[in-house]
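Student: I'd like to learn how to read packing in a model like this one. Can we go through some helices, sheets and rings together?

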Amino acid sequence: MVAGPFLKALDAADTAVARLARRPRPSVVRALMIGLAAGGAGVLMRWLLGLFYAEVTGFMILLPWVIVAALAGGRLAGVMASAACLIGGWAVVGMQPGSMTPRLGEIATFNFVVVSLFATLVAGSLRRAIERGEQAETDLKASEARALEAAALQRAMFDQASAGIARLDLEGVVRDANARFAEILGLTPKNMIGVRTADVSHPDDVQPTLSMLDRALTTGGEVEKRYVRPDGSIVWALTSVRPLRDERGAVTGYIAAAVDITAAKASEAALRESETRFRDIADTAPVLIWVTAEDRSRAFVNQAYVAFDGGDYDHALKRDWRDVLHPDDQARIHQESLAGEASMEPFSMEGRYRRHDGEFRWLRSFSRPRLRDGQVIGFVGVAFDVTEARRAQDRLKESEDRFRTVADSAPALIWMSDDAAQLVFGNKRFRTFLNVRSDRQLSDAWRRMIHPDDETVFEAAFMRAFEARDRFEALARIEHPDLGLRWLRTEGVPRFDAAGVFQGYVGASLDITDAKKAEEDLKRINELLEERVGAALVEKAQAEAELMHAQRMEAVGRLTGGVAHDFNNLLTVVIGALDIILRSDDAAKRQKLGEAALSAARRGERLTHQLLAFSRRQALRPEATDLNSLIREGEPLLRRAVGEAIEFRLKLKRGGARVSVDPAQFEAALLNLVVNARDALGDKPGRITVQTLSCKVEPDEVRELAAGDYVCVAVSDNGAGMSAEVMGRVFEPFFTTKSVGKGTGLGLSQVYGFARQSGGGVQISSTPGRGTEIRLYLPPLSADTPEEASVPAWSPSEAKADGSLLLVEDDAGVAAIATDILTAQGWRVTAADTAPAALALLERGRFDVMLTDIVMPGGMTGVELARTASAAHPAMRIILTSGYAGEDVDQALSDAPWPFLRKPYSAEDLARLLAV
């Protein structure tokens with residue numbers, strides 16, 4: 001019971017002493033004042049207790065005040081208090097005479113000074129210790145705060161790092177991990193704790209991981225490994241491990257960082273697969289294939305290339321291809337190669353190369369640049385062995401030379417036609433007799449000299465034999481400009497190739513004029529003079545009429561001949577491909593040949609569109625158009641068409657160039673003009689300018705064009721120009737100055753047909769060596785002409801996949817194909833072959849869509865049917881289709897509000913228009 005209050009008293013004393021020691025350090029004056037005050041207090045207590053001391057000095061009672069002064073004010077205050085207590089204490093002793101002997105006073109004084117100074121030193125040290133302790137405590141708290149802040153920052157960086165970071169012990173057990181590491185493994189940070197690295201590693205990667213951990217004990221390690229997530233998915237990661245050490249340098253665990261490289265691994269695998277696929281394809285190809293690096297050294301060659309070289313792959317890769325060139329071809333091939341690579345365009349070469357067995361083989365190579373960011377980084381090339389083809393070509397040329405020698409030596413006119421009944425050969429006597437100066441004149445050599453009375457009979461007899469593939473014989477008169485009227489007997493026989501395919505006719509003509517003249521003289525010797533005069537007049541009139549007819553037939557003949565030639569080429573591809581498809585079981589081969597046949601058919605489609613444009617029978621859909629806007633939109637295509645080596649300019653008149661034309665046909669005509677100008681420049685750099693301007697045409701200034709104001713589109717170049725003879729024929733169908741296979745001759749005829757059908761015309765001006773300008777004249781629109789309202793397009797949501805459709809088509813084949821296509825797309829199709837039959841079906845039932853041809857038998861066109869059906873069934877959709885339209889139907893179609901689908905059309909065209 002006594003200990004409790006005593007301990008509390010001690011605690012209170014400790015608190016009081018601590019408070020004194022924690023007081024702020026005073027100034028010198030304040031310290032002296034504290035010491036003086038404490039000393040005064042001690043002297044006062046000594047005086048009050050003087051009655052109890054008697055002869056004893058009692059200086060020890062003053063020591064607590066010295067200690068209090070030193071605690072409150074420091075050592076200076078303690079010294080001051082000691083001095084004050086000593087002086088004050090002796091003063092009190094002096095006031096009590098006889099209380100102390102001199103010897104005792106000296107001892108007391110000495111003891112007091114020593115003890116007081118020691119107490120001052122101890123109390124001052126205690127105060128300083130408490131001050132340093134509090135400062136240390138303050139610094140420790142600040143340090144702890146900074147440490148906590150640093151730890152929080154470190155933890156935030158740890159948790160927010162883009163890489164997965166984990167701390168592992170020496171057994172490979174995760175002791176801490178950030179969110180990214182947990183995300184990579186498909187776990188949460190909480191679930192990561194305690195996971196063994198071997199438990200989440202792919203079985204094949206466990207041992208490499210453990211080996212890497214062993215290495216990491218000293219230097220750290222890195223490994224690409226797979227982690228297995230709880231759902232079984234695999235994650236590739238690049239994992240780096242470093243050892244963790246304590247303050248003594250001993251390894252206590254690992255710190256691991258993982259970066260997800262799954263996407264990179266997938267891309268790497270895809271790249272390897274692509275490279276493998278390319279190598280497999282290249283090695284399977286029966287032609288030489290190579291790829292060059294930026295320095296033009298070989299970076300890859302296929303097996304055919306290696307086989308031609310005769311060594312191994314490395315030998316073929318490192319061998320300079322120029323070392324195996326034939327000496328006679330080296331200079332030429334080097335020059336062509338350098339020029340081709342400098343052009344940065346695809347190029348081809350043909351030369352002789354030494355094979356591994358020493359034989360020189362003709363190779364035709366094709367090279368295409370590899371580009372990266374617009375820069376050439378190498379070339380890809382293929383080479384075909386054309387040795388046998390060259391040898392066959394040489395043998396054919398030798399055979400042809402022998403045939404020509406024999407034919408030119410014969411006294412008869414020997415000729416040969418192709419399978420389209422066009423003359424392709426005439427011997428020297430044939431050309432001399434009929435005045436044939438070029439191969440272009442060969443086809444109409446007979447027509448230029450044959451007697452008008454005999455032309456029809458002669459041609460009919462030849463065509464009958466031609467169609468029957470039978471022997472041909474005929475007798476006809478020739479009006480020779482030097483020899484006069486001559487009689488020729490012509491005989492011909494069909495010729496076939498080794499496979500029995502008809503190739504044309506070979507024949508000969510003999511001059512039997514003398515025998516015939518004698519016969520005619522005997523018959524006409526008794527005719528009267530007036531009969532001769534009358535017959536001569538009739539013959540002259542007939543000759544004039546026949547001459548005009550012959551001129552018309554000459555143009556038609558050129559047109560039909562060109563069409564037959566191009567269509568025979570297209571049909572050869574289509575028929576040959578379909579024949580092989582029917583006989584082949586190879587699906588890939590059927591697919592390839594089917595695509596070739598479809599491509600040929602598309603070429604035939606483009607050819608018919610050009611013919612319709614030339615004949616001014618194409619179905620145009622004119623609309624109010626600003627040619628300036630149309631030209632600007634098509635500028636990128638035009639620039640690509642002319643190429644980078646040619647300067648291309650636009651000069652468009654201010655205020656617009658508004659006309660009423662079919663925009664698609666105008667763009668096709670403009671592209672034809674620009675391509676024609678580009679071809680006129682050849683390989684030399686030049687300039688092509690497209691200009692729009694207002695033109696005023698005076699009477700008879702432009703052929704076939706009425707006087708008045710027009711909008712002109714002029715395409716000019718500074719190329720080689722044209723002669724007067726060429727300018728007179730540029731708009732003829734199939735007329736071209738290009739080499740065989742380089743042009744159809746329909747480009748400018750299409751421009752001419754489009755211009756005439758659009759109410760305008762075309763004018764050409766050219767000077768040899770200075771260039772050419774072709775102007776397209778089109779009737780202008782006034783500024784207040786409103787824009788034509790376009791027919792709104794159907795959206796896919798408006799189409800019905802299972803709707804009913806009325807197909808009106810008179811051609812049974814087209815109807816069958818269209819029915820199959822539409823049925824496959826989900827339509828219920830009902831077919832009719834005439835407009836009256838379609839109207840009868842409409843009276844008996846309802847249809848969602850009607851797809852009708854425009855030109856049909858039965859007295860009613862598709863446009864008239866559409867108007868009648870639309871009035872009776874306004875909710876039914878109507879689509880018009882045609883491959884040809886006459887002028888009357890064109891006029892009706894121009895006002896028709898229904899969509900128009902041009903023949904031939906595909907399943908994709910039908911689906912897009914029907915919006916299925």
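Student: Which residues in α27 meet which residues in α28?

Tutor: Keep in mind that this is a predicted model. On the α27 side you'll find Ala835, Ala838, Leu839 and Leu842, and they meet Leu865, Thr868 and Ala869 in α28. Sorted by class, that contact has six nonpolar residues, one polar and no charged ones.

Student: How do I describe the way two such helices pack?

Tutor: In general, you give the angle between the two axes and the distance between them. Here, α27 (residues 835-844) and α28 (residues 862-872) pack at about 15°, with axes 10 Å apart. That angle makes α27 roughly parallel to α28. As for handedness, the crossing of α27 and α28 is right-handed.

Student: At what angle do α2 and α4 pack?

Tutor: About 160°. Helix α2 covers residues 28-48, helix α4 covers residues 63-73, and their axes are 9 Å apart. Angles over 145 degrees count as roughly antiparallel, so α2 and α4 are roughly antiparallel to each other. The crossing of α2 with α4 is right-handed.

Student: And which residues make up that contact?

Tutor: From α2 it's Ala31, Ile34, Gly35, Ala38, Ala41, Gly42 and Met45; from α4 it's Trp65, Ala69, Ala72 and Gly73. By class, the contact of α2 with α4 divides into eight nonpolar, three polar and no charged residues.

Student: Let's turn to sheets. What should I look for?

Tutor: Strands of a sheet pair through backbone hydrogen bonds, and the pairing can be parallel or antiparallel. Take the open sheet of five strands ordered β24-β23-β25-β26-β27, where the pairing is parallel. Its edge strands, β24 (828-832) and β27 (900-902), each pair on one side only. From one strand to the next, the twist averages 20°.

Student: How many bridges join β23 to β25?

Tutor: Four, between β23 (residues 804-808) and β25 (residues 849-853), and the two strands run parallel.

Student: Last topic: how do I read a pair of aromatic rings?

Tutor: You use the distance between the ring centres and the angle between the planes. The structure holds 13 aromatic pairs. One of them, Trp415 with Phe462, is edge-to-face, at 6.4 Å centre to centre and 70° between the planes. This pair links distant parts of the chain, with Trp415 in strand β11 (residues 413-417) and Phe462 in helix α17 (residues 452-468), 47 residues apart.

Terms used. Residues are numbered from 1 along each chain as its sequence is written. This is a predicted model: local features need pLDDT of at least 70, side-chain atom pairs count only at pLDDT 80 or more; totals for chains, interfaces and linings use all residues. Side-chain values use heavy atoms; hydrogens and water are left out. Axes are lines fitted to C-alpha atoms, for helices over the stretch in contact, and angles run from 0 to 180 degrees between N-to-C directions. Angles under 35 degrees count as roughly parallel, over 145 as roughly antiparallel, 65 to 115 as roughly perpendicular and the rest as oblique. A crossing is left-handed if the near helix is turned anticlockwise from the far one by less than a right angle, and right-handed if clockwise. Contact means heavy atoms within 4.5 Å. Ala, Val, Leu, Ile, Met, Phe, Trp, Tyr, Cys and Pro count as nonpolar, Asp, Glu, Lys and Arg as charged, and the others, Gly among them, as polar. Rings of Phe, Tyr and Trp (its six-membered ring) pair if their centres lie within 6.5 Å; planes under 30 degrees apart count as stacked, over 60 as edge-to-face and the rest as tilted. Two strands pair if DSSP finds at least two bridges between them.
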